[in-house]
Amino acid sequence: QVHMVESGGGLVQSGGSLRLSCAASGSIYAVNNMGWYRQAPGKQRELVADITLGGSTNYADSVKGRFTLSRDNAKNTVYLQMNSLKPEDTAVYYCNAKLLTTRWSQVGNYWGQGTQVTVSS
């Protein structure tokens with residue numbers, strides 16, 4: 001069984017900062033990509049940023065230059081530093097990990113429970 005535990009959401013004023021954390025634990029053999037997605041009311045879930053095992057990152061155009069994604073492979077943890085937040089960043093943010101539970105398993109897609117980020121104008 002795999003557990004994805006998120007933390008760090010909350011309410012912040014426009015221009016402020018928040019840091020999200022997500023740790024994967026449990027029956028894990030190896031973790032490939034980790035990242036964050038978000039879903040605003042009435043919209044589809046979208047990729048915010050993801051990071052490979054080797055540390056290569058990919059960002060949505062809307063967050064480039066403002067958000068920074070990093071990971072600690074020893075802890076199977078990913079961090080999203082969000083600066084210069086805007087009201088349009090308001091959404092539920094979901095952690096994602098693509099991982100193997102055994103040496104012979106296929107890569108599975110695992111999600112956190114979601115954490116609310118609200119940016120007031």
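Thr 77 has its place in strand β8, where strands (E, at least two residues) and helices (H or I, at least four) are DSSP runs numbered from the N terminus. The structure is a predicted model, in which local features need pLDDT of at least 70 and side-chain atom pairs count only at pLDDT 80 or more, while totals for chains, interfaces and linings use all residues. Residues are numbered from 1 along each chain as its sequence is written, and side-chain values use heavy atoms, with hydrogens and water left out.

With a relative accessible area of 8%, Thr 77 is buried; the term buried means under 20% relative accessible area, exposed means over 50%, and partly exposed lies in between (1.4 Å probe, protein chains only). A polar atom of the Thr 77 side chain lies 2.9 Å from the backbone oxygen of Lys 75. Which residues does Thr 77 touch, not counting residues up to four places away in sequence? They are Cys 22, Ala 23, Met 34, Ser 70, Arg 71 and Asp 72, with contact defined as heavy atoms within 4.5 Å.

Asn 76 is found in the loop between β7 and β8. Its phi is near 50°, a positive value in a residue other than glycine. Asn 76 is partly exposed, with a relative accessible area of 21%. A phi near 50° also occurs at Ser 84, again a positive value in a residue other than glycine. Ser 84 belongs to the loop between β8 and β9 and is partly exposed, with a relative accessible area of 41%. As background, most residues other than glycine have a negative phi.

Side chains of opposite charge can pair when their charged atoms come close. Where a side-chain nitrogen of Lys or Arg lies within 4 Å of a carboxyl oxygen of Asp or Glu, the pair is a salt bridge, and by this rule the count comes to 4 salt bridges.

In one of them, the side chains of Asp 89 and Arg 38 meet at 3.0 Å, N to O.

Arg 66 is buried, with a relative accessible area of 11%. Salt bridges that share partners join Arg 38, Glu 46, Arg 66 and Asp 89 into one network.

Another salt bridge pairs Lys 64 with Asp 61, the closest N and O atoms being 3.0 Å apart. Asp 61 is exposed, with a relative accessible area of 64%.

Rolling a probe the size of a water molecule over the atoms shows where empty space is left. On a 1 Å grid over the protein atoms alone, a cavity is a set of points where a 1.4 Å probe fits but cannot get out, and lining residues have an atom within 4 Å of a point. Grid points are joined across faces, edges and corners, and the volume is the space filled by probe spheres set on the points.

How many cavities of 30 Å³ or more does this rule give? The count comes to 1 cavity, and the largest cavity has a volume of about 30 Å³. Its lining consists of Asn 33, Met 34, Gly 35, Tyr 37, Asp 50, Asn 96 and Lys 98. The elements that give two or more residues to this lining are β4 (30-39) and β9 (91-100). The largest share, 4 residues, comes from β4.

Gly 108 lies in strand β10 (residues 108-111) and counts as buried at 19% relative accessibility. Gly 108 and Ser 17 are 91 residues apart in sequence and 31 Å apart in space, C-alpha to C-alpha.

Note on methods:
1 Å grid on protein atoms, 1.4 Å probe; cavity = no way out; pocket = protein on both sides within 12 Å on 5 of 7 lines; lining within 4 Å. Polar contact = N/O pair within 3.5 Å; in protein donor to acceptor, adjacent residues only side chain to side chain.
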